[in-house]
Amino acid sequence: MSQANNASNTQPEAATSVGEQIQLGTGTGLRKKKKPSAGPDQKSFWKRASKQKALLLMSIPFVIWLIVFKYIPIAGWLMAFQDYKPQFGFLEQDWVGLDHFKDLFNEPMFYTALENTLGMGILGLIFGTASAIVFALLLNELRFMVVKKWTQTISYLPHFVSWVIAANIVITMLSQEGIINNLLTGMGFIDNPINFMAMPEMFWGIVTAADVWKETGWNAIIYLAAMAGVDPQLYEAAKVDGASRIRQMWHITLPSIRSVIIVLLILNIGNLINIGFEKQMLLGNNIVQEKALVIDLYALDYGIGMFRYSFGTAIGIFKSVISVILILICNGFAKKIGEGRVF
Amino acid sequence: MAKKLSKWLHAVLILFTLIALAACSDGETSKEAENEEEGSSDEPITLTFFNADGGEEKTFDDPVAKKITEETGIKLEMDYPVGGNDEAIPLMIASGEYPDLIFAKGDIGKLIEAGGVIKLDDLIEEKGENLKAMYGDQLDRLRNSLDDPSIYTVGTYGVENAYWSTSGTFQIQLDVLRELGYPKIRTLEDFEAALTEYYEKYPEIDGQKTIPLSLLGSDWRWLITVGDPAGFAAGFAGDGQWVVDEEAGEATYKFLRPELKEYFKWLNSMNAKGLLDPESFTHTYDTYISKLSSGRVLSIADQDWNFTDADKALVADGKEWRTYAPLPVTISEEYTSKSLKNYGFAGGWGIAISSTSEYQEEAFEFLDWMASEEAQILVNWGIEGEHYDIVDGKRVMQEEDRERMNSDADYSKETGVGYYVYPFPQWGNGAVDSSGQPITPNSEEQTIANFNSAEKEALKEYEMENWVDWFPQTEDLGISKHGQAFNYSIPAGSELQIIQQKADDLTEQRITQAILGDPANFDQAWDDMITELEAMNIEKANELMSQKVKDTMELWGTNE
């Protein structure tokens with residue numbers, strides 16, 4: 001469900017940016033001019049509202065969904081300032097102020113978890129985005145339709161494989177009798193098999209690589225859709241001017257999808273700290289634990305798992321605050337360089 | 001292409017949303033329908049039962065289950081946590097929706113605190129005839145704590161256990177014993193020598209590389225195959241992560257003890273010599289079992305229940321000589337193995353009835369019935385004429401059933417024989433029924449009869465009847481007055497719980513790294529770990545646990 005959510009959040013962005021492209025081609029400014037004059041005027045506001053009646057109606061269910069599922073639960077944040085016990089009512093709890101936050105910030109394990117979360121988050125963001133864009137570019141250049149479609153389908157199949165299975169595949173491949181070690185020893189690169197899963201310093205890399213393998217095809221879809229919206233006339237003009245395929249990629253395709261890339265980046269950076277814990281939990285073991293512990297797993301083991309709902313909530317609040325700060329920074333940055341922003 | 005693609009994408013998204021919505025609404029209607037069904041009185045009552053132990057999905061329709069339903073009018077709907085995770089009970093409490101019967105293991109304290117389970121004292125007093133008969137004077141051991149001495153759970157461990165088998169010690173392949181002329185293996189040194197000798201002779205078994213010693217330290221089973229055997233080798237009793245000195249009423253976090261360091265140092269040297277499976281701490285449970293099943297692992301340190309599947313697979317493949325014999329191995333002669341120690345009825349864990357259940361009375365009657373002689377014979381032996389016969393007034397398992405029991409991992413699941421014993425109230429294997437016969441099929445006679453051909457031959461060579469013969473005997477080890485420390489319910493979110501969890505997380509990681517590291521660095525790594533443990537205030541946890549041990553002995557009346 002959350003996957004579908006993510007996609008549905010980002011999809012309209014792609015659509016508008018494709019729309020912008022077309023506008024740019026035909027004639028700019030006309031619509032934009034109207035906006036500021038219409039804003040403060042009450043009458044024209046209602047007029048405009050009635051004009052967009054259908055659109056507004058359509059958005060109502062989503063606004064309600066947002067309020068019910070995203071805003072109302074925020075009231076639960078109060079739990080972080082209580083010593084919450086589920087058997088009592090919400091208002092019968094003991095209030096403890098900032099105790100849980102103090103506990104949290106005094107806990108060395110928390111900083112390990114934070115470091116790992118941000119580390120794997122950033123790696124995943126960089127390699128995830130780069131691989132998806134490169135893959136989309138390559139696919140976009142394929143002129144042989146059948147191959148293109150097949151490649152695309154095959155590439156996003158791993159996305160539908162659950163992490164439980166994917167993690168087992170990865171562990172088996174990397175085991176000492178696994179295919180990777182067989183290849184490396186067989187080709188004479190190494191003498192003794194490497195125990196990849198027992199090397200803490202490799203863990204971030206393994207997680208990132210597994211993630212890239214699993215999600216590249218899926219993530220490329222949105223870039224492909226954006227690329228498909230680029231005006232063919234631009235390519236034709238470039239060809240007339242003698243631009244090679246590589247030049248066309250560099251000067252037309254990439255700049256055309258720049259706003260999509262930036263919007264997706266901002267959204268992903270906001271989620272940098274929400275990388276989940278399935279991968280880390282399923283791929284991790286006791287040896288690599290200090291590189292595998294992420295905030296969500298910490299919250300689960302030391303929060304909910306120990307019945308410390310308040311402590312878990314405190315971690316949740318901390319995460320939300322970090323996310324908001326990250327988004328604001330990126331959005332500000334995007335504003336500065338004059339690119340498409342989230343808000 | 002562009003239009004086509006994005007249209008297609010939209011279609012998929014809409015489809016997802018619809019499916020999600022449909023799935024939600026579907027769930028609700030089916031639940032309602034179920035409730036209506038339960039309303040009618042002739043139908044058997046379905047009780048939902050949560051088993052924290054994990055297990056395969058199973059429906060309540062095997063022959064034994066049908067018989068239970070026939071006798072009691074109760075059907076069980078069994079539910080397990082996915083992958084044996086720890087969060088099932090807390091999530092249950094958070095949602096406020098409980099199954100009728102809950103086997104929460106160590107999480108029972110959380111349920112009591114949350115008011116999720118009911119007190120059973122009055123029910124036992126009023127109509128718990130069978131339970132009263134079963135527990136007798138051990139009933140006190142079911143009590144919760146000094147502050148709240150009520151009974152919330154019944155079951156899990158057998159009352160009146162006898163010790164005809166060991167579990168959790170080092171186990172060595174019978175073929176190693178045979179090949180080396182049945183040597184005496186008593187210390188780690190003997191053990192290592194035997195493995196080395198056999199390994200040099202047979203570097204490969206059936207075309208695959210021989211593994212002298214394999215452990216399973218990649219998940220929670222670290223405690224079973226790495227942590228516990230360390231304590232056993234040091235001659236400690238099975239108190240989980242604790243060492244308890246009953247005389248002084250003192251509990252110590254196990255890994256602080258120097259004996260444990262000695263053991264792990266040995267493991268470290270085993271690893272350096274290439275005798276320890278290098279994947280011991282990374283392979284998954286399935287891989288581990290498949291290695292064992294292939295017959296190329298010479299020795300393990302594991303609980304029987306953890307590798308029964310492998311054992312059965314080996315027997316089914318005709319590789320009896322590749323199955324394992326338990327060894328009374330300790331670090332050196334001065335320590336004695338406590339494998340046969342009598343812990344008394346352990347109390348602590350058990351099945352509770354939820355406070356929200358509509359069928360509390362029925363659920364209790366069901367649990368009480370499970371404690372009856374009739375029920376115990378049914379769940380242990382199956383149905384007369386189908387799974388066992390009465391020969392000369394004695395119960396005897398049918399030949400086919402006995403064979404399948406020892407070689408078919410699905411036997412219990414398919415027939416239900418033996419499936420409903422643990423964690424329900426159960427008589428131990430030393431108990432006898434009203435006619436003087438053992439109530440479980442695990443009598444010493446049966447245990448010996450169930451040994452495979454290779455085991456029998458090896459035992460004959462050693463001039464023993466049973467493997468337990470070479471362990472220090474139960475009578476000599478004394479009875480535990482405090483039960484087993486790992487079995488205590490520790491208050492959720494308490495300092496003791498938090499420190500222990502942190503300490504466990506740390507030791508699992510540091511000890512593993514030390515074992516796999518360079519032997520030259522072992523001492524340093526160990527000392528660093530102790531320093532880290534001290535920084536976690538492990539002393540405080542020792543104090544709290546000592547108090548807990550004292551309280552338990554007071555509650556049970558065993559402190560005099």
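**View 1. Pairing of strands S1 and S3 in chain B of the predicted model**. B:Asn51 stands opposite B:Phe103, a residue of S3(B). Strand S3 covers residues 101-103 of chain B and pairs with S1(B) in the parallel sense, over 3 bridges. Two strands count as paired if DSSP finds at least two bridges between them. Strands (E, at least two residues) and helices (H or I, at least four) are DSSP runs, numbered from the N terminus. The model is predicted: local features need pLDDT of at least 70, side-chain atom pairs count only at pLDDT 80 or more, and totals for chains, interfaces and linings use all residues. Residues are numbered from 1 along each chain as its sequence is written, and chains are lettered from A and ligands numbered from 1 in the order in which they are written.

**View 2. The β-α-β unit of chain B**. Strand S1 (residues 45-51) and strand S2 (residues 74-79) of chain B run parallel and are joined by 6 bridges. In this pairing, B:Ile45 stands opposite B:Ile74 of S2(B). With helix H2 (residues 63-72) of chain B, S1(B) and S2(B) make a right-handed β-α-β unit. Right-handed means that, with the strands pointing away from the viewer, the path from the first strand over the helix to the second runs clockwise.

**View 3. Domain 1 and domain 2 of chain B**. Domain 1 of chain B comprises 43-154 + 351-398 + 414-422, and domain 2 comprises 170-342 + 447-556; such bounds come from an automatic or database domain assignment. Their C-alpha centres lie 31 Å apart. In the contact, 12 residues of domain 1 of chain B meet 9 residues of domain 2 of chain B, where contact requires C-beta atoms, placed from the backbone, within 7 Å. The domain 1 side has 3 nonpolar, 4 polar and 5 charged residues. Nonpolar covers Ala, Val, Leu, Ile, Met, Phe, Trp, Tyr, Cys and Pro, charged covers Asp, Glu, Lys and Arg, and polar the others, Gly among them.

**View 4. Domain 1 and domain 2 of chain A**. Chain A is divided into domain 1 (52-97) and domain 2 (99-336). The contact takes 9 residues from domain 1 of chain A and 7 residues from domain 2 of chain A. On the domain 1 side there are 5 nonpolar, 3 polar and 1 charged residues.

View 5. Residues 118-139 of chain A are 100% helix and 0% strand, with end C-alpha atoms 31 Å apart.

How values were computed: Two residues are in contact if their C-beta atoms, placed from the backbone, lie within 7 Å.
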